[in-house]
Structures are given as structure tokens and as C-alpha cells.
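Trainee: Could you take me through this entry feature by feature, giving the general idea before the particular case?

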Amino acid sequence: MTSSSEAFGFWTLAPIAVIAALGLLFARKAVHAALGVVLVMVILGIFYIMQNADFLGVVQIFVYTGAVMMLFLFVLMLVGVDSSDSVVETIKGQRWASLLLVVGLAGLLFFTIGATVVDEKTVQAGIDKTVATNADPGNITGVAELIFGQYVWIFEVTSALLITAALGAMVLAHRERLTPRITQAEWAAKRVRDNRDVAGLPAPGVYARHNAVDTPALLPDGTPSSKSVSRVLVARDQVATADSLRDVERHLEREIEEGGAK
Amino acid sequence: MYYVYLSVILFSIGTATVLTRRNAIIVFMGVELMLNATNLSLVTFSRMHGALDGQVMALFVMVVAAAEVVVGLAIIMATSRARRSASVDDANLLKL
């Protein structure tokens, strides 16, 4: 910490970053976890800029929060919701064992860092040198000199890596259509042939005070029809029960009958 | 120096996520968190030494992470398409 303003920024943002990272660990829904990681990455970008790494801070926000995390959210939407979000452990005692390992790792790293002797003068000289480099050739110029000078070979190899990754993603995401596409007319013909749901699947329930897609329709015997709600809503556990609505409806019907009798 | 401690905490949380969560996408986000935590320590050490090499290293880590994300998410999509699930426990096709 060189200045009190930096210390203030650090102690304000660091707890937020830790809480957001814990959100990744404990959030039940994957989207919430992704938003927590986005917050951590934005805060890390601010830390980079605070630590005189201007270029890297901007790249962090562009590349990580802008590209990588949006890609994550995109794939979350594609893959959809399933039971893997549940936190029931499948291997007995796995959670405690991993907690033990993580605490051990953190303790090991903490004590290793704590045991190192940091010479304040050397560190201050280093920080001063960084500030001077940022002032005279500039941060971007300095990084560019290293990338295109000392590390130019790594930079070239990186391009090969990126092209390989792009090709790999294309190969993995490609899907050959093995069976011909079933048209709407063929679906209709199949329904009639099998004599099942000939008129199509039933529409969701329409009640006196509710007609959203999350309420099932009632069968003639009064039980809710599972075919009338989308299976996505069932997987998300967002299907409402029709019982209370049915009670309200009966109440209204009785009132109307009583009114007619009077 | 406090930045390095923060980096350790974030790295440990990332490790815990990888070890305990079952959704493959969340596990992958834990890996990303670990990479970010190491980047933070690289930048901090770069500043303490007054040399820009650490920042260049962090930049290359970002590039490799971006390539890794592209391939990893493509694999997750391919498995979830084949197995209709993104759970790491369901991927046991090679098990006897």
C-alpha cells in the first residue's frame, strides 16, 4: 500500500471480491455464480489499474468480463437447467475432505507468504520504478517492448494456440444431422397414427384470476394435467399448483349460484 | 503484500469450488477464478520488483485462459448434448 487512497480502495473492494467469490461456491443457481465471478473479475481489473498496470486492467475487463464470462452465460443458456445444480454430495464425506484440503492449502500458502522477509526499502524502490516506467515510456509502450522484444517467440506461439483452440471448438460444437428433420406435417401424421394427443397437447390452465403458463390445466376428474405445462418449467421446479385457484373458482361459482337463487 | 493474501483467498475458494460443485460449468468457473487469482499475484510481484515482466506473463495467462475456455465450453456443450446433463458425476461412460 503506497497511499491511503489505495488502502481505502483495497479494503473496500477486497471484501466484496471475497463475498462474490463465496457466491460462486455457495450459489444454488449457476447464473448467480456466474454473476459473482463477473463481479470478482471487475474488481480485479480495478486492482490492476490501482497497481499501475493500466493496460492489463483494461484488458482484464475487456477479455474476462466482456468475452469470457459472457461466453459462460451463453453456454449456460444453451445447456439449460438440470439436476446438477443440486448440492447433495454423491461421494460420502467428500465435502469435509475437500474443506480440509482447501484449508490446508490456504494455511500453507498463508504461512509461506507470512514467513517471507520483505524489505520495505526494496519494495518501495520497485514501486517507484514502476511509477517511473509508467511515466516515461508509458505502461503500454513498456509492455509492448517486452511482448515484441524479449517474448516475441511466445507471442507467435500464442497465435498458433488460438487458431488450434478455434478449430477445436468448431470441431467439438459441430453436429452432423443423422436423421432427417421431422416436419410439422409428419408430427401431425404420427399423432394420428399413434392415436395419442391427436388434438395436440393441452393448453395451460385458464382460471378466473390466473392464466399464466405455469399453472396446469385440470382434467375432467379434477386432477392437474402434467402434459399442459412445459417440461422446462417442471425441471426448474416453477410449476404452480392449481388447488388454490380451483378453490377460488368454486367459491366464485357458489356466489354466482346464490345470487341467481336470490 | 495484502494483494497476495487476497490472491491466496481467491485461489482457495476456486479450489473449493472445483472440488465440491457438480455442475461442470461452475467447476470451470472455479478454474477461471484460480487463474485470475494467480494473475493478481503476478501483477503484484511485477509492481514490487519494478519490472513489467510479470504483467506480460499475466497477459499470456489471459490468452491461454481464453483459448482454454473456448475448448472447455465446447466440450461441456458436446457432453451435455450427448448425455442431457451438465453434471460431472454423470460423465461415467468410461467406467467399468
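Mentor: Residues are numbered from 1 along each chain as its sequence is written, while chains are lettered from A and ligands numbered from 1 in the order in which they are written.

Trainee: What pLDDT does chain B average?

Mentor: pLDDT is the predictor's confidence in each residue, from 0 to 100. Where it is low, the predicted coordinates should not be read in detail. Chain B averages 87, with 89% of the residues scoring at least 70, and the model has an ipTM of 0.90 and a pTM of 0.78.

Trainee: How many helices and strands does chain A have?

Mentor: Helices (H or I, at least four residues) and strands (E, at least two) are DSSP runs, numbered from the N terminus. Chain A has nine helices and zero strands.

Trainee: What radius of gyration does chain A have, against that of a compact globule?

Mentor: The radius is taken over C-alpha atoms, and the globule rule is 2.2 Å times the number of residues to the power 0.38. For 262 residues a compact globule would come near 18 Å, whereas chain A has 30 Å; its C-alpha trace spans about 95 × 50 × 40 Å along the principal axes.

Trainee: How many residues does each chain bring to the contact?

Mentor: Two residues are in contact if their C-beta atoms, placed from the backbone, lie within 7 Å. Chain A brings 69 residues and chain B 58 residues. On chain A, the helices that each supply at least two residues to the side touching chain B are α1 (4-26), α2 (30-50), α3 (54-79), α4 (94-115), α5 (120-148) and α6 (152-173).

Trainee: Which residues of α1(A) are buried, and what covers them?

Mentor: A residue is buried if 20 or more other C-beta atoms lie within 10 Å of its own, exposed if 12 or fewer, and partly exposed in between, with C-beta atoms placed from the backbone. In α1(A), the buried residues are A:A17, A:A20, A:A21, A:L24 and A:L25. Their cover includes α2 of chain A, together with α1 (2-20) and α2 (24-49) of chain B. Over chain A as a whole, buried residues make up 19% of the 262 residues.

Key: This is a predicted model: local features need pLDDT of at least 70, side-chain atom pairs count only at pLDDT 80 or more; totals for chains, interfaces and linings use all residues.
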